[in-house]
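Hi,

Here is the structure I promised to pass on. Have a look at it first, then read my notes below.

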Amino acid sequence: MITVNADGKIMVRRCLVTLRPFRIFVLGIGFFTLCFLMTSLGGQFSAKRLGDSPFTIRTEVMGALESRGVLRRMSDMLELLMKRMDILARLENGTDFHKGDEARFPLDRFQPAAGLMERIQAIAQNVSDIAIKVDQILRNSLMNAKMGDGRRDQCEVPRDPKYPDCAGKVEWMRARWTSDPCYAFFGVDGTECSFLIYLSEVEWFCPPLPWRNQTAAPSPPPPPHAQAAFRSDLAPLLELVGTGKESLSFMKKRIRHLAQQWLRAARRLEQKLKGRQGDQKHILIHIGFLTEESGDVFSPRVLKGGPLGEMVQWADILAALFLLGHSLKVTVSLKELQSNLGVPPGRGNCPLTNPLPFDLIYTDYHGLQQMKQHMGLSFKKYRCRVRVIDTFGTEPAYNHEEYATLRGFRTNWGYWNLHPSQFMTMFPHTPDNSFMGFVSEELNQTERQRIKSNKVGSMAVVYGKEASIWKGKEKFLAILNKYMEIHGTVYYETQRPPEVPAFVKNHGLLPQHEFQQLLRKAKLFIGFGFPYEGPAPLEAIANGCVFLQARFNPPHSSLNHEFFRGKPTSREVSSQHPYAEDFIGKPHVWTVDYNNSEEFEAAIKTILRTQVDPYLPYEYTCEGMLERIHAYIQHQDFCAMPSPPPPAKAQSPAMQSPPSPLALSPNATHLVWSPSVRRDPHSWPPTDSLQVWLSEGRHACTETCRQHGLVCEPTFFRFLNKKEVFLQLSITCDSTEYEMNHLYPAVAENVHECYLQKEPLLFSCAGHNTKYRRLCPCRDYRQGQVALCRDCL
């Protein structure tokens with residue numbers, strides 16, 4: 001037995017306590033050494049020739065001095081630890097452990113410390129040996145690099161007419177390659193050869209260098225897509241949406257609330273499609289307006305009466321895409337976006353590190369801007385896969401950058417040079433864009449009967465959650481108050497009640513289900529001109545309310561109203577909710593002149609006598625939205641658009657465009673697809689739904705088609721952008737010109753001049769000029785589903 005005194009006991013305890021974390025520290029040193037060697041030496045052992053790996057240059061530029069320095073520091077640290085352990089051992093030997101009986105410790109308690117000392121010595125010796133080997137490797141590598149530098153600096157800029165921008169890009173790289181770290185990430189080190197390697201292998205401005213290894217095996221083709229299958233549970237989607245923002249919480253509550261309706265609609269559509277579901281797509285959903293970099297002004301206002309229409313739409317888009325069986329990734333931050341896209345480190349000037357792993361990307365204007373800033377040249381390559389959720393629409397004249405700049409259509413939100421159908425709107429007001437929409441809650445027969453029996457015939461609810469909407473409306477409210485009890489849902493804080501008339505019963509900001517219950521009791525839902533084109537009027541009509549709204553005279557547009565100024569559209573808004581006015585109408589929707597008190601009061605009296613049932617257009621049901629999105633995903637492919645017909649400059653018959661596939665209708669008023677011409681199998685919508693009408697001078701094609709019970713279909717412009725079509729409609733053309741103009745093809749009848757479209761991106765249903773009568777491509781549509789023709793499914 002060995003006995004120790006109290007001082008010895010304390011010293012030993014301190015020693016043991018010190019040694020336990022020390023073991024962890026030593027293990028950490030060993031692990032760090034292994035990681036360092038793998039990262040620092042990987043390029044040296046794997047790169048067979050200078051420049052074969054983008055990491056080789058990084059090792060040569062940064063590795064030599066730093067590698068040896070780090071290893072020396074590690075060796076010095078271990079040596080210092082050895083010295084301290086040696087001091088501890090001397091202290092241990094110098095202490096009187098043989099006096100007294102106060103405590104007894106077996107000798108083997110100190111044997112682990114001795115073993116640890118031996119391990120530290122072994123690690124120190126290994127690190128020293130490794131340092132010597134690394135030093136030898138780095139010396140040899142630098143000698144080889146110096147030998148190769150002669151050839152690297154001898155690279156000359158190739159003069160290849162197929163790559164006319166190569167010399168200019170090399171000149172730019174000489175001056176600016178250090179402006180973004182992404183260039184060094186891809187191996188650029190300031191030499192001519194590194195510039196040419198980058199510009200030929202990462203970007204595509206220069207031809208491949210003949211001395212580079214061009215025999216590398218091509219990347220394997222992507223695996224075939226799985227078959228999309230309808231899902232029967234929305235719970236996994238709620239996990240995908242994430243947490244941390246009030247806006248996300250709102251969207252998840254909406255998805256939960258409508259879950260059963262979504263699931264029933266998915267089952268009905270599955271039966272309708274009879275197994276024709278198509279491939280499963282990998283889809284990135286990036287909600288740009290919710291990112292911190294865009295300001296995220298919506299989330300803080302969710303609980304304060306802020307606009308919810310965009311979040312309603314995004315929640316419904318998420319639910320529809322998920323139920324259709326597609327693979328989704330959802331991001332609401334720039335960092336997540338960069339990670340999912342494969343953005344290299346730097347400031348966004350370089351292409352993505354790998355091919356884009358998504359078939360489709362749904363985003364908004366904020367997300368589109370973020371993608372352009374961080375994808376480099378890859379944005380131009382992959383932008384055909386993007387779908388932009390755009391509430392108010394983007395017309396072709398504003399979308400085409402060159403044309404918008406020359407003709408005064410440039411705004412802060414346009415000039416993206418996308419196909420106009422890549423923009424997806426909340427309402428079908430812009431046929432040049434795709435109609436995405438949203439959903440309203442459907443009622444079953446029992447609920448419809450209950451609503452009819454519980455309606456309060458003299459109850460009105462005002463459309464407007466912000467007090468500012470009520471300002472200046474006292475005159476209307478006084479007239480309305482003579483006939484009906486007025487309710488409001490204006491947000492207010494306890495200390496500051498809202499400035500609304502005393503006779504208004506204000507419920508404050510209500511959760512969605514409580515607001516629905518209020519609408520189910522009310523007879524009238526009344527708008528005061530703002531907000532424009534929101535989802536609430538459709539929800540009110542679906543719950544059995546009559547919607548009363550103001551007519552605008554003159555119509556509001558970007559030319560005369562601050563709200564629309566800067567938006568990429570010239571659309572004239574004739575009322576607060578044009579869709580409700582044009583597609584629903586009386587008895588559910590009344591549009592009157594609020595400046596005419598007599599007309600306003602007469603409308604209220606008539607509404608009180610009118611009985612209406614709950615009504616919801618099919619395109620705003622869950623099934624209608626699923627049907628529409630399914631058709632878009634299966635048929636819209638903007639990466640493989642048909643090539644436009646060449647301008648007919650030559651007069652040789654052999655070089656003229658093929659004959660028109662159109663024929664005069666039996667009543668000789670318009671053109672249709674010729675029965676003798678085979679239907680274009682690549683065209684969607686199907687070509688046999690096409691009708692060609694000639695507009696009046698003051699009408700856009702949108703109005704012209706609507707007058708004939710049709711809808712304008714811009715994808716059909718390519719079939720009627722021919723001189724023969726004018727002749728088929730008995731239009732005399734003394735001259736025919738190809739020009740860039742969003743109103744073409746058209747005819748100036750007074751001078752017999754005909755004009756064809758030179759730029760396919762400018763084919764537009766929107767726009768009119770008294771000088772021209774336009775050729776308008778129209779099509780039929782499914783009852784209650786204006787986005788799809790009768791045979792589009």
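Among contacts in the chain between residues at least 6 apart in sequence, what percentage join residues at least 24 apart? It's 73%, with contact meaning heavy atoms within 4.5 Å.

Some ground rules: this is a predicted model, where local features need pLDDT of at least 70 and side-chain atom pairs count only at pLDDT 80 or more, while totals for chains, interfaces and linings use all residues. Residues are numbered from 1 along each chain as its sequence is written, and side-chain values use heavy atoms, leaving out hydrogens and water.

pLDDT is the predictor's confidence in each residue, from 0 to 100. The chain's mean is 83, and 77% of its residues reach 70 or more. Residues 1-27 fall below 50, and beyond near neighbours in sequence that stretch has 45 contacts in the model. Residues 643-655 are below 50 too, with seven such contacts.

Now the inside. Of the chain's 793 residues, 51% count as buried (under 20% relative accessible area, with exposed over 50% and partly exposed in between; 1.4 Å probe, protein chains only). A nonpolar core is a set of buried Ala, Val, Leu, Ile, Met, Phe, Trp, Tyr and Cys residues joined through side-chain atoms within 4.5 Å. The largest one has 85 residues, and Met-251, Trp-262, Tyr-362 and Phe-525 touch the most other members. A second, separate core has 32 residues, among them Ile-486 and Phe-528.

Cheers
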